[in-house]
Amino acid sequence: MSEQITKEVFDHLVGLAALQLEMEQAEYLRKQLNNQLKAIAELEAIPLEKDVPISLHGVPYEASLSAPPREDEWKPYPDPAGILAQAPQVVDGYIVVPDIPHTELK
Amino acid sequence: MTDYEAVIGLETHIQLNTVTKVFCSCKADSWFDPPHTNICPVCCGLPGVLPVLNKAVVEKGVLLARAMNAEIRPLSFFDRKNYFYPDLPKGYQISQFDQSLARGGYLDLPIPAAASPDKQAYTRHVTIWKLHIEEDAGKTKVSNQRRLIDFNRCGVPLVEMVTGPDLRTADEAAQYLIRLRQLLRWLGISEADMEKAHLRCDANVSIRVRGETKLNPKTEIKNVNSIDAVREAIAREIERQIREVEAGRHIEAWTLEWDEDSGTLKKMRSKETEADYRYFREPDLLPIRLDEGWQRQILADFPELPLERRARFVEQYNLPEYDADILTSERKLSDYYENTVKSYGGDPKKVSNWLMNDVLRMINDQGLNPQEMQLTPDALAEILKLVDAGTININTGKALLQKVQESGKKPGAIVAEEGLGLVSDDSTIREVCQAVLAESPNEVAAYRAGKVTLIGWFVGGVMKKMRGKADASLARQILEDLLNEKNG
Amino acid sequence: MEICDLNALELARLVRSRQTSAVEVVKSCLERVAQVDGRPGSLEQMPLSDEDKKRVHAFITLTGENALQQAEKVDQMLAAGEDPGVLAGVPFTVKDIFCVQDTLTTAASKILANFTAPYTATPVQRMQDAGAILLGKVNLDEFTYGSSNESSAYQPSPRNPWNTDRVPGGSSGGSAASVAAGEAPLSLGTDTAGSIRQPAAFCGVVGVKPTYGRVSRYGLIAFASSLDCPGPVARDVKDAAAMLGVIAGSDERDATAARLAVPDYLEGIEEGVKGLRIGLSPDYFRITYPDPVSGELLSQPLPEEVARAVTEAAEKLSAMGADIVEGVPMPNTRFGIPAYFVISRVEAASNLHRYDGVKYGLRSEAPTADLKEMYKITRNQGFGPQPKLRILMGMYVSAAQYSEQYYRRALQVRTLIRQDFEAIFDPAGAYRLDALLTPTTPTTAFKMASLYGDSVLMQYADQLTVPANHAGVPGISLPAGLDNEGLPIGIQLLGADYAEKTLFRAARAYEMTTQEEDWRKQKPEVLRGRS
Ligand SMILES: [Zn+2]
């Protein structure tokens with residue numbers, strides 16, 4: 001079976017995933033992915049009638065089991081400062097992150 | 001020169017005016033709140049939290065869908081739209097992709113003569129391509145090469161509504177937004193204030209030779225925050241595209257940003273990669289079940305819409321289009337008008353005149369809510385009737401508007417209390433007339449010498465003495481009698 | 001036998017009747033932890049000592065002092081004549097994938113190393129509201145991604161109390177190990193593909209994967225949101241039933257928690273299996289897996305000892321009056337893993353998007369003026385290889401051009417798997433089963449480091465458990481003997497939606513009928529030589 005996730009595809013995925021990998025780990029992960037794809041390939045061999053519905057959850061949620069939507073009532077959260085306190089960098093109540101550098105256009 | 005036409009589609013994001021956010025119980029509006037004070041674990045995407053749908057968001061979405069003549073799906077789904085951005089705490093936006101709240105829809109948009117190229121009013125049929133619920137992201141601002149993030153706005157409920165490429169001029173685009181804003185306020189589902197980003201608009205613009213049906217590459221204009229700016233930006237972009245094509249160049253699918261200050265369009269940084277959002281069903285939420293019962297409940301009080309009411313006012317009350325348009329600009333005002341007409345029973349145009357000239361000024365100057373005014377439709381109708389009956393004159397009637405509004409008393413009661421009723425008692429007026437003539441021997445002489453135009457001046461004197469309550473025609477009659485009597 | 005070796009219901013009875021105190025119970029458990037657990041998992045890289053290799057290492061964070069304070073409160077309540085709840089004074093451990101207020105919540109990942117949750121997960125809260133006492137947070141595979149617990153960023157990773165050269169299973173390895181070693185009678189775990197049942201089987205304890213939505217997921221750090229189920233790990237069936245009764249139920253914070261009354265799982269639990277129809281399926285007696293080199297599918301029968309444990313269990317149930325139905329077809333069982341490879345990765349990749357160094361957890365110290373750079377460095381440093389693998393696979397199979405081929409197809413296959421179960425549990429169908437009896441795992445606990453690194457074979461360890469996750473149906477794993485190396489063998493009962501009560505009844509019947517068997521008297525290695 002040919003390798004589905006080539007180096008190029010892999011690098012693209014790494015970018016999409018907002019990752020950057022050391023070379024050795026990259027090779028290991030790429031090999032594992034290709035192995036997994038061989039297992040996944042089994043799915044393609046399953047004879048599926050065209051109208052087989054998809055299941056989003058295994059259990060069906062009939063209306064009687066489904067929770068109704070929430071009422072529109074304000075319940076202020078008691079400790080927003082506690083949430084902000086987890087942020088690595090904060091200035092004047094704002095969370096700070098590096099900028100997105102401008103790439104000049106041709 | 002070749003004749004071009006523009007092809008314009010608008011993508012709007014409408015912030016619903018619910019009390020709370022779409023998936024948590026934080027309040028929806030935090031315009032005046034300091035950063036990170038209107039947040040909770042859910043809207044900040046803390047590990048382990050789950051979204052719980054706000055019922056009011058669905059209800060308001062259904063009202064809009066109905067108003068846009070869209071088909072409401074009995075079962076609709078949420079999906080995750082995945083991308084990295086620091087103001088998107090979960091790294092995905094909960095939105096609706098292929099099975100959204102509503103499907104299809106249209107708006108028959110009246111274009112007034114003033115906004116029409118040939119000064120003839122017409123109607124533009126605008127189709128709706130997309131109408132779905134989603135959550136807003138936080139706010140980002142840049143300072144000193146750093147990005148400052150505030151999550152207060154995360155999870156604010158939005159409806160994204162996208163039109164087909166059906167609009168043909170910048171004015172049509174502006175009219176669409178004007179009518180949409182009116183509709184949103186009419187339905188009470190959004191404050192629709194563009195400056196506060198309650199209503200946001202991106203415009204897709206392309207041009208083609210008139211008569212062609214194909215679609216050419218389009219540009220997308222973002223970051224426009226007033227209706228005037230949308231009109232302006234689109235007009236500029238159409239001009240630019242025509243110039244480009246005329247010069248033999250191609251239009252590229254750019255994203256343009258409107259710079260309010262300079263009134264110019266700037267090209268935005270191109271996206272690093274064309275986004276693949278990898279949409280998939282949100283497993284943390286069950287589908288929205290809009291069974292018949294719930295739909296019926298939501299739509300039970302569905303109002304007559306502004307354009308329908310406008311047409312009816314013209315038809316039923318014989319109002320000029322101009323009056324009908326203003327009186328249906330806002331739902332409460334139009335209800336006020338109609339209630340006054342009913343209570344009054346007289347000429348609807350007269351009600352319109354009073355409302356548009358005087359009451360509307362009071363409303364606007366004093367920032368009043370027509371529904372909560374002390375000057376109720378019944379009170380206004382009563383004033384009109386008092387004038388009609390000659391109990392008070394027009395000026396007294398107009399002065400009464402403010403008095404009723406301030407005191408909350410009935411117009412008739414104020415008239416009685418302050419003695420504002422017209423004095424039509426012959427002897428009272430006769431006494432005053434005599435006094436006025438006695439005080440002005442020179443003018444009497446002049447009159448008698450033939451300067452009969454002075455009669456108006458004498459009437460004015462009487463009115464002044466009686467603080468306007470005299471029946472003016474009676475006063476004139478008596479004055480003439482007195483002046484001629486002595487003469488004869 | 002020490003206090004900490006008693007089961008939960010017995011402890012609650014003793015505490016509530018004030019024959020012992022909650023403080024005594026907690027002290028006994030803490031003592032056991034001190035004796036057998038060794039050093040807790042930590043991010044520091046230290047080579048394993050010989051001593052380390054003999055210890056359980058279930059914990060990441062031990063909250064002993066807090067536990068003693070809570071125990072005092074329980075005792076005070078009892079002294080004041082108040083009722084602290086059905087699990088009064090019962091210590092429990094929590095898989096460190098649940099948020100607990102003011103407590104470190106790591107998901108066994110470096111990327112959350114400094115994260116202190118500002119809120120408590122619903123099932124943990126319900127345990128505490130019932131008077132149970134949190135002893136600490138226990139180890140797991142990083143973000144639950146694994147079947148051996150070795151992928152934890154917190155090392156040493158847990159070891160199997162029956163044989164510390166073996167894995168405890170995963171991902172709820174710390175949960176199963178802590179319960180098996182007598183550190184706590186109960187633990188809260190999660191099961192996405194077998195992550196409660198498999199370690200329960202490996203460690204010789206009872207593990208329950210409830211029906212999807214039976215227990216709220218609020219506060220559970222998500223892996224595959226459409227499959228994740230919180231559930232109990234306990235030493236016996238009644239304890240597991242009691243715990244499920246406490247944690248189950250609808251939750252206004254979880255829209256997918258079913259609105260369905262929670263039955264009294266203990267009521268009638270000892271009524272036996274007379275009249276119950278229990279099935280055996282040949283499709284659960286072989287495993288299919290791809291050859292690591294060629295990728296070719298290989299199929300082989302289960303090890304004889306494992307198969308025999310199941311058939312013997314069936315005979316015992318039959319002897320007690322159950323109708324055993326053989327030859328029940330579950331033809332789509334073998335597609336569970338490939339479908340799982342797709343569905344779980346798509347959901348996991350999305351669920352891991354939020355760990356970006358912006359608002360909590362790790363942010364790389366490396367100075368950078370570029371946001372994307374910050375994301376990449378942070379995520380590279382923070383995630384171990386297992387999360388990275390899941391993210392990358394999720395990206396691949398959900399990319400627009402592949403989503404039909406993989407994701408949609410996998411969701412259709414999930415339907416087929418679901419239909420297998422619907423057919424056998426259908427009260428009007430050909431089989432009309434009350435439960436399906438299967439092995440829990442293809443093998444007993446494997447040696448540490450024997451599979452780790454091969455992500456495909458590791459995943460196939462879940463082959464017999466994952467179908468229940470796809471279908472949403474409940475399952476329970478219970479100990480059914482020891483293999484010739486003295487390692488526990490687990491058997492599994494699967495039931496229809498929300499039929500946990502039936503499963504408990506059947507499981508308890510098996511437990512009662514085997515109570516006097518020799519293997520029940522065996523103790524885990526780490527407890528041997530203790531009185
Ligand atoms: Zn919130």
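Over all chains of this predicted model, a search of the whole structure finds 64 salt bridges.

## Salt bridges within chains

In chain B, a salt bridge joins B:Lys90 to B:Glu135, with 2.8 Å between the closest N and O atoms. B:Lys90 belongs to the loop between β4 (79-82) and β5 (92-95) of chain B, while B:Glu135 is part of strand β8 (residues 122-135) of chain B, so the pair ties together parts that are 45 residues apart in sequence. Are these two partners buried or exposed? B:Lys90 has a relative accessibility of 10% and therefore counts as buried, and B:Glu135, at 6% relative accessibility, also counts as buried.

In chain C, the side chains of C:Arg197 and C:Asp191 meet in a salt bridge, with an N to O distance of 2.8 Å. C:Arg197 counts as buried at 0% relative accessibility, and C:Asp191 is likewise buried, its relative accessible area being 0%.

Another pair in chain C is formed by C:Glu422 and C:Arg418, whose closest N and O atoms lie 2.8 Å apart in a salt bridge. Because C:Glu422 and C:Arg418 are four residues apart in helix α12 of chain C, about one helical turn separates them. Here C:Glu422 is partly exposed, with a relative accessible area of 39%, whereas C:Arg418, at 8% relative accessibility, counts as buried.

| Residue | Partner | Closest N and O atoms |
|---|---|---|
| B:Lys90 | B:Glu135 | 2.8 Å |
| C:Glu422 | C:Arg418 | 2.8 Å |
| B:Lys55 | A:Glu71 | 3.0 Å |
| C:Arg334 | A:Glu42 | 2.8 Å |

## Where chain B meets chain A

The contact between these two chains draws 46 residues from chain B and 35 residues from chain A. About 3500 Å² of area is buried between chain B and chain A, and carbon and sulfur atoms give 64% of this area. Strand β2 (residues 94-98) of chain A pairs with β10(B) in the antiparallel sense over four bridges, and within this pairing A:Ile95 stands opposite B:Ile149 in β10(B).

Two salt bridges are counted between chain B and chain A, and one of them links B:Lys55 with A:Glu71 at a distance of 3.0 Å between the closest N and O atoms. There are also 19 residue pairs in polar contact between the two chains, with both residues at pLDDT 80 or more. On the side of chain B that touches chain A, the elements giving two or more residues are α1 (55-67), β9 (139-143) and β10 (146-150) of chain B. Which element gives the largest share of that side? The answer is β10(B), which provides five residues. By type, the residues of this side of chain B divide into 26 nonpolar, nine polar and eleven charged.

## Where chain C meets chain A

Between chain C and chain A, 78 residues of chain C are in contact with 60 residues of chain A. The two chains bury about 5900 Å² between them, with 62% of this area on carbon and sulfur atoms. One salt bridge is found across the interface of chain C and chain A, and C:Arg334 forms a salt bridge with A:Glu42, the closest N and O atoms being 2.8 Å apart. The interface also holds 26 residue pairs in polar contact, both residues being at pLDDT 80 or more.

At least two residues of the side of chain C that touches chain A are supplied by each of α9 (336-351), α10 (371-382), α11 (385-398), α12 (400-425), α13 (455-460) and α14 (466-471) of chain C. The largest share, twelve residues, comes from α12(C). The residues on this side of chain C divide into 40 nonpolar, 20 polar and 18 charged.

## A three-stranded sheet in chain B

Chain B has an open sheet of three strands in the order β5-β4-β16, with antiparallel pairing. At its edges stand β5 and β16 (280-281) of chain B, each with a single partner strand, so one side of each is left without a neighbour in the sheet. The antiparallel pairing of β4(B) with β5(B) runs over four bridges, and the bridge partner of B:Arg80 in β5(B) is B:Ile94.

Key. Residues are numbered from 1 along each chain as its sequence is written. Chains are lettered from A and ligands numbered from 1 in the order in which they are written. This is a predicted model: local features need pLDDT of at least 70, side-chain atom pairs count only at pLDDT 80 or more; totals for chains, interfaces and linings use all residues. Side-chain values use heavy atoms; hydrogens and water are left out. Contact means heavy atoms within 4.5 Å. Buried area is the accessible area (1.4 Å probe) that two parts lose on being put together, summed over both. A salt bridge is a side-chain nitrogen of Lys or Arg within 4 Å of a carboxyl oxygen of Asp or Glu. A polar contact is a pair of N or O atoms within 3.5 Å; within protein, one must be able to donate a hydrogen and the other to accept it, and residues adjacent in sequence count only if both atoms are side-chain atoms. Ala, Val, Leu, Ile, Met, Phe, Trp, Tyr, Cys and Pro count as nonpolar, Asp, Glu, Lys and Arg as charged, and the others, Gly among them, as polar. Two strands pair if DSSP finds at least two bridges between them. Buried means under 20% relative accessible area, exposed over 50%, partly exposed in between (1.4 Å probe, protein chains only).
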